[in-house]
Amino acid sequence: MRGFFVLAFAFLSVLLPCQASAVGVGAAPSELDFNIRPGGSATETLHVINTGDSEAHYRVYVDEEYEGWFDIAPDEFSLAPQANEETHITVSAPLFSFGDHSTHVNVVTANSQLELGVGAGIKVPAHIRVSNLLPWVGLGIAVALLLTLTLFLIRRRRMAAGEAK
Amino acid sequence: MRSVSEGFGVLGNLLLVLALISAMILPMSVVAQPDYPLNPTDTEVANALDYLRGAQTADGDIGGFSASAWVTMAIAAAGEDPHDWRVGSNPSIVDYLAASAGSASSATDYARMILAIVAADEDPTSFGGKDFVELLKANYSGTQIGDASLLNDDFWGVMALISAGESPSSRVVANSVAFIKDNRNDDDGGWSWGVGQDSDVDDTAVAIMALIAAGESPSSSAITDGLAYIESTQMDNGGFESWGATNADTDSWAIDAIVAAGEDPTSGDWTENANTPVDDLLSFQQGNGQFYWQSSMPGAWPCQTTAYAIQALLGEPYPVKVLEPREGISVYVRVEGQDSTVWRGDVIVSESDIMADNSGTTYHLSDPTALGALDEASNHEERFPYYVTDQYGGLYVSSVNEEEPSGLNGWMYRVDYRSPGVGADQFILGETTPPNPPHQEVLWYYGEWTDLPLSLSVDKTQVDVDEEFSVVVRERSDDTHNWSPCEGAMVHGDQDYATGVDGTATISVDHDVTLHIFAEKDGYIRSDKVTVTVGEGTIQPPSSDEVYLTAHILPAISIEVSPGSVDFNDKLGPGDISDEHRITISNVGAWEVKVTTEVEEESDDLFLRGVRLDGKLWSSFQAIIGREESETTYASLHVPEDYSGVGPKTGNLIFWAEGA
């Protein structure tokens, strides 16, 4: 098929330069949150929609600083007007990367074949929390603290009762 | 005794002959290519495989979701196991495809996945939690696969189904092949990407591969004419013209088609100006093994282009592997109940074991029968129940889907619309006559003996909103076996329409919808359904007991920018300022957005330094735009006084949106 892809390329190199119609892009959700343990990974889905009025090619990428953390599939695709694509964003946190990290997943459509191509893009904030403190660990610590406090109060009452005798 | 001069003469002649032979051999050895087809160990292929191996990421992916499927096929074509292609102990490329199975969403996606899955010796009916064969078949409209305005989804769909073991005689393959043939461009023998479009080499090559995979003889006119079209585009460098020049992708698929047709792409027939398509394809290979799309252009999908080239060099066209078709006869089964269709679809029938429910006796039918077809359609009663009795001698179907006989009404069957003279357990598909084999359809229906079949056809399967299309309903005579227009039939579409004296009803629909149109009439058997997509389609018509809920959800952040390009066609020089060009940014999402701009780094320095928005450098632009609101800015180009470039320049101005 200009099969699956050759035609898409042809669109990019031949057809798009001829059009000056509107280009558009939409993305959802508006933010991506990843909670990961060091060395672990998590995947979220980003929906990209062509809100323009002609077929367009889209690229999805992440800010350079965190490029090595992300895998995006697919990271390039063409969409007919109003068509949308599910993109899977996988973040793999390196070891010893504890803490909160913020970057952007960028979705853009543009055409550099034109004298000055006018493109549209969306910056989707991505928040990455790398922590060993899983929710159940936190809950366990909270329960342990509560038990310790309860035992302390019981013992104190007993001691107070003993002193009173 | 010979004189010295005689001896020199003989020696001289010998040297002359040697010199002539050398003169013939040496230039050939200098330009010699490896014999075609190449082996996986040949440098060109080995280097290309190494390039792909080096492009693999930790999750197994090579070049992205789509490219990974093509690469998987190339790996298998090279005789390697794609399961072994992994970085260290990380997931293999096959694992990656399985994990990404959910990314496939179109007929061509499903087809590509099937081809890769089968090439990797995996099961296309159960891969990554999906049955890709079923998903692809769900895109079959009754006459073709996928979008009725496109052909490429039929080419790849046919190849994928054949690869998955579908019989070439199955309805979905046979009808799609007919659709492909019907949409060949008669003027040049080629095919295009879309119906009614001009021929091109890529699609003609894929069509040829699809037809040959489906059993078309390479000597048939469809194939020879297609090859003649491809040959007509051959350029002096040996490659095939696509958009004015040759490229690796087009060369690869054309070579594949030539090989699939049993020809040698390096033979004299495919040599132009002493160059073959293989010479041209190899000219795109780089030092690192990668194939560029064109000489100076890597192309958008380098791994994919390299994968295509590997298969072409190895002489391994698509499909790379083909599963053995299941033994048996492939037929379309339709089960029409009293008020609705119980089931319809393709089945493969071989031998069957049918239990008579009244006696508990199991009968083994060693041939593919019409009753066996019903058993397959019911998936051995897991899909819907049916009741068979042997109390009248042969096996008689008394109820299907718990619809019991009543009065003169009961369950009957027809093969290719004819009512056979033997019981369903006696009708051997592909053998019994009448009707003459091959048998295409077994119709089980609830009705009377006198009921006649209806057929329905449409003049368009894809129409715009408010565009008219015609439906023709015909009835079949059991006396003449001919079809004639049926007056007064009720056509069920978005609403009910009665056919006129010519059997025709005209329909137009004022909203996007996918219609499954069928016809009914008292005393007749309900027609099969035909799918018509109106506009964007997708919204299914509700049945009487369903309430459909629909909503159109806007993405949270979404913008539209118009126009999509600015042409400062002012013959500007250093120090000049262009006219202003209006650019409108519209917020078409649900949330308020903050919009900033960027001239991409790759743009010419002219734009990085010279683009002004509302008179200020582009980097100063910032706007907050509310929902359904727009912002206008005026772009101009200030050519820097020290700018030294000349000629056309390109760049990109991006309007970036994020939540305000």
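Two strands pair if DSSP finds at least two bridges between them, and helices (H or I, at least four residues) and strands (E, at least two) are themselves DSSP runs, numbered from the N terminus. Keep that in mind for chain A, where strand E4 (residues 56-62) and strand E8 (residues 99-109) run antiparallel and are joined by four bridges. Val60(A) has Val107(A) in E8(A) as its bridge partner.

Before going on, a word on what you're looking at. This is a predicted model, in which local features need pLDDT of at least 70 and side-chain atom pairs count only at pLDDT 80 or more, while totals for chains, interfaces and linings use all residues. Residues are numbered from 1 along each chain as its sequence is written, with chains lettered from A and ligands numbered from 1 in the order in which they are written.

Back to chain A. It has two helices and nine strands, and from the N terminus on they run α-β-β-β-β-β-β-β-β-β-α. E8(A) also pairs with E9(A): the two run antiparallel, with 11 bridges between them. One of the residues involved is His101(A), whose bridge partner in E9(A) is Ile128(A). Of the 165 residues in chain A, 38% are buried (20 or more other C-beta atoms within 10 Å of the residue's own, with C-beta atoms placed from the backbone; exposed means 12 or fewer, partly exposed in between). Two residues are in contact if their C-beta atoms, placed from the backbone, lie within 7 Å. Among contacts in chain A with a separation of 6 or more, 68% link residues 24 or more positions apart.

Now see where the chains meet. Here 47 residues of chain A are in contact with 57 residues of chain B. H1(A) gives the most to chain A's side, with nine residues. That side divides into 25 nonpolar, 15 polar and seven charged residues (Ala, Val, Leu, Ile, Met, Phe, Trp, Tyr, Cys and Pro count as nonpolar, Asp, Glu, Lys and Arg as charged, and the others, Gly among them, as polar).

Moving into chain B, you'll find four strands in an open sheet with mixed pairing, in the order E2-E1-E8-E7. Strand E2 (341-349) and strand E7 (410-415) stand at the edges with a single partner strand each, so one side of each has no neighbour in the sheet. From one strand to the next, the twist averages 20°. Strand E1 (residues 329-336) and strand E8 (residues 441-447) of chain B run parallel and share five bridges, with Arg334(B) partnered by Leu443(B). Helix H14 (residues 370-377) of chain B packs on this sheet and touches E1, E2, E7 and E8 of chain B; its direction makes about 115° with that of E2(B).

Finally, look at two helices of chain B. The axes of H9 (residues 201-213) and H10 (residues 221-232) come within 10 Å and cross at roughly 155° (axes are lines fitted to C-alpha atoms, for helices over the stretch in contact, and angles run from 0 to 180 degrees between N-to-C directions). By class, their contact has 11 nonpolar, two polar and no charged residues.
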